[in-house]
Amino acid sequence: MALLSSWNRSRQKIHSRWPPDSIQPYTRFDYISDPLAVCYIGSHVYSQLHFHPYGKALLCVVSGRKKVKLFAPDQTKFLYQKYNFSKITEEPVDLEKYPLYVNANYYECEVNAGEMLFFPIYWWHGVDTQEFTSAVVFFWNDPRRLRWLPPPGIPWHTPLLFEIASWYFKGKAILRKLASYQDRS
Ligand SMILES: O=C(O)CCC(=O)C(=O)O
Ligand SMILES: [Fe+2]
């Protein structure tokens with residue numbers, strides 16, 4: 001249950017604001033950028049292996065459960081990388097098509113209702129949701145200088161590729177906006 005504000009027995013407010021000052025260093029978003037929350041509600045879906053090239057994420061399961069496989073970045077050589085996705089799209093993996101996969105080390109866990117799982121930047125994960133499940137994933141971006149230093153196993157040019165792609169998409173969004181202003185006038 002969420003704590004919205006805290007009061008003592010004589011109905012005086014203990015914390016003048018939320019979040020309480022004592023936990024602010026952990027809850028403030030001032031040294032990270034682009035926080036984003038995405039809801040996932042449904043069943044019988046498999047989110048194929050991928051990693052997040054810009055930052056970290058926190059998977060919070062509200063009801064149901066998800067089975068997650070998590071691979072460190074140095075396992076990339078067994079995962080048939082294409083940009084930030086794997087060419088492997090199915091679970092169980094077709095080992096005739098993707099023979100290197102047998103060498104990959106990974107963690108496997110079940111995230112149940114009320115539990116959370118943290119995805120560090122560049123860590124591969126595949127998420128299997130069979131029963132009806134609702135979840136929220138919180139994403140936030142690392143500072144650029146951290147993103148530019150990929151861990152062992154991730155090719156050095158990967159951050160460069162994503163930086164250029166993000167300029168391209170941002171540029172396109174700006175052009176679209178300008179065009180819509182022209183249409184209006
Ligand atoms: O829950 C899922 O199916 C996918 C979660 C995930 O990895 C993501 O949102 O990036
Ligand atoms: Fe993800």
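Modeller: Read along the sequence, the pattern of the chain is α-β-β-β-β-β-β-β-β-β-β-α-α. This is a predicted model, where local features need pLDDT of at least 70, side-chain atom pairs count only at pLDDT 80 or more, and totals for chains, interfaces and linings use all residues. Residues are numbered from 1 along each chain as its sequence is written, while chains are lettered from A and ligands numbered from 1 in the order in which they are written.

Colleague: What makes a stretch a helix or a strand?

Modeller: Both are DSSP runs, numbered from the N terminus. A helix is H or I with at least four residues, and a strand is E with at least two. The chain comes to three helices and 10 strands.

Colleague: Why is His-44 called exposed?

Modeller: Count the other C-beta atoms within 10 Å of its own, with C-beta atoms placed from the backbone. A residue with 12 or fewer is exposed, one with 20 or more is buried, and one in between is partly exposed. His-44 has 9, so it is exposed. It is found in the loop between β1 and β2 (45–50).

Colleague: Why does Tyr-83 count as exposed?

Modeller: Tyr-83 has 12 other C-beta atoms within 10 Å, so it is exposed. Tyr-83 is found in the loop between β5 (81–82) and β6.

Colleague: What is noted about phi in these two residues?

Modeller: Phi of His-44 is near 55°, a positive value in a residue other than glycine. For Tyr-83, phi is positive too, at about 50°. Most residues other than glycine have a negative phi, and most peptide bonds are trans.

Colleague: Which peptide bond is cis?

Modeller: The bond from Glu-91 to Pro-92, with omega near 0°. Pro-92 is in the loop between β6 (85–86) and β7.

Colleague: Why is Arg-65 called partly exposed?

Modeller: Arg-65 has 18 C-beta neighbours inside 10 Å, so it is partly exposed. Arg-65 is found in strand β4.

Colleague: Which residues does Arg-65 touch?

Modeller: Two residues are in contact if their C-beta atoms, placed from the backbone, lie within 7 Å. Leaving out residues up to four places away in sequence, Arg-65 touches Glu-110, Val-111, Asn-112, Ala-113, Glu-131 and Thr-133.

Colleague: How do you know that β4 pairs with β7?

Modeller: Two strands pair if DSSP finds at least two bridges between them. Strands β4 (residues 65–71) and β7 (residues 107–112) have six bridges, in the antiparallel sense. β4 and β9 also run antiparallel, joined by five bridges. Take Lys-67: its bridge partner in β7 is Glu-110, and in β9 the partner is Asp-128.
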